[in-house]
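The sequence and structure come first.

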Amino acid sequence: MKTSYGQRLEFGESISSVLSKYATFHGRAPRSEYWWWVLFTILVQAATGILDAALFDNYGLIAHHGARGFTPLSSLAGLAMLLPSLAVGARRFHDLGRSAWWLLIGLTGIGAFVIFFWFMARGDEGPNRYGRDPLDRRPV
């Protein structure tokens with residue numbers, strides 16, 4: 001079902017969009033696409049964590065006080081989702097009219113909170129220098 005101008009994307013549509021643009025750092029991504037992707041990555045990490053515990057008895061490359069890190073399936077899933085996560089983050093910044101280089105402030109402690117609040121904001125309505133509004137479903 002096609003959505004009209006200004007509505008959000010649904011879960012499946014968002015995941016499909018991110019995966020089809022696996023390493024695409026140009027264009028724009030609405031906040032619904034970004035946040036559905038975040039939920040998807042959390043669910044995948046939870047599922048692979050459960051599978052790691054069941055199949056590998058919590059084997060991990062790093063062990064500290066009973067906690068395991070870098071378990072096989074979770075690590076592979078994390079690596080597979082790293083590039084699309086960076087790409088959708090870059091496109092999300094573009095939707096806000098900002099350069100993707102702002103992702104680097106996430107490397108600072110406080111910068112991650114700044115990005116969190118920016119990504120909750122509505123993107124630029126209408127076209128901006130990074131392209132068409134991704135929620136504008138009207139024909140070109």
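## Burial and overall layout

Of the chain's 140 residues, 31% count as buried. The model is a predicted one. Four helices and two strands are present in the chain, and their order along the sequence is α-α-β-β-α-α.

Taking contacts between residues at least 6 apart in sequence, 67% join residues that are at least 24 apart.

## Packing of α3 against α4

Two packed helices are described by the angle between their axes and the distance between the axes. Helix α3 covers residues 72-95 and helix α4 covers residues 109-119. Their axes come within 10 Å and cross at roughly 60°. The crossing of the two helices is left-handed.

The residues that meet are G89, R92 and F93 on the α3 side and I115, W118 and F119 on the α4 side. Sorted by class, this contact comprises four nonpolar residues, one polar residue and one charged residue.

## The largest nonpolar core

In soluble globular proteins, nonpolar side chains tend to be buried together. The largest nonpolar core in this model has 12 residues: I15, V18, A29, Y34, W37, A77, M81, V88, F93, L96, I115 and F119. Elements giving two or more residues to this core are α1 (11-20), α2 (31-56), α3 and α4. The largest share, four residues, comes from α3.

F93, I115 and F119 belong to this core and are also among the residues through which α3 and α4 meet. W37 is another member of the core. With residues up to four places away in sequence not counted, W37 touches I15, V18, L19, M81, P84, S85 and V88. Of these contacts of W37, I15, V18, M81 and V88 are core members.

## R92

Is R92 buried or exposed? R92 lies in helix α3. Its relative accessible area is 0%; the cut-off for buried is under 20%, so R92 is buried.

Which residues are in contact with R92, leaving aside its neighbours within four places in sequence? They are A29, P30, R31, Y34, W118, F119, A121, R122 and G123. Among them, W118 and F119 are α4 residues at the contact with α3, while A29, Y34 and F119 are part of the largest nonpolar core.

Definitions and conventions. Residues are numbered from 1 along each chain as its sequence is written. This is a predicted model: local features need pLDDT of at least 70, side-chain atom pairs count only at pLDDT 80 or more; totals for chains, interfaces and linings use all residues. Side-chain values use heavy atoms; hydrogens and water are left out. Axes are lines fitted to C-alpha atoms, for helices over the stretch in contact, and angles run from 0 to 180 degrees between N-to-C directions. A crossing is left-handed if the near helix is turned anticlockwise from the far one by less than a right angle, and right-handed if clockwise. Contact means heavy atoms within 4.5 Å. Ala, Val, Leu, Ile, Met, Phe, Trp, Tyr, Cys and Pro count as nonpolar, Asp, Glu, Lys and Arg as charged, and the others, Gly among them, as polar. A nonpolar core is a set of buried Ala, Val, Leu, Ile, Met, Phe, Trp, Tyr and Cys residues joined through side-chain atoms within 4.5 Å. Buried means under 20% relative accessible area, exposed over 50%, partly exposed in between (1.4 Å probe, protein chains only).
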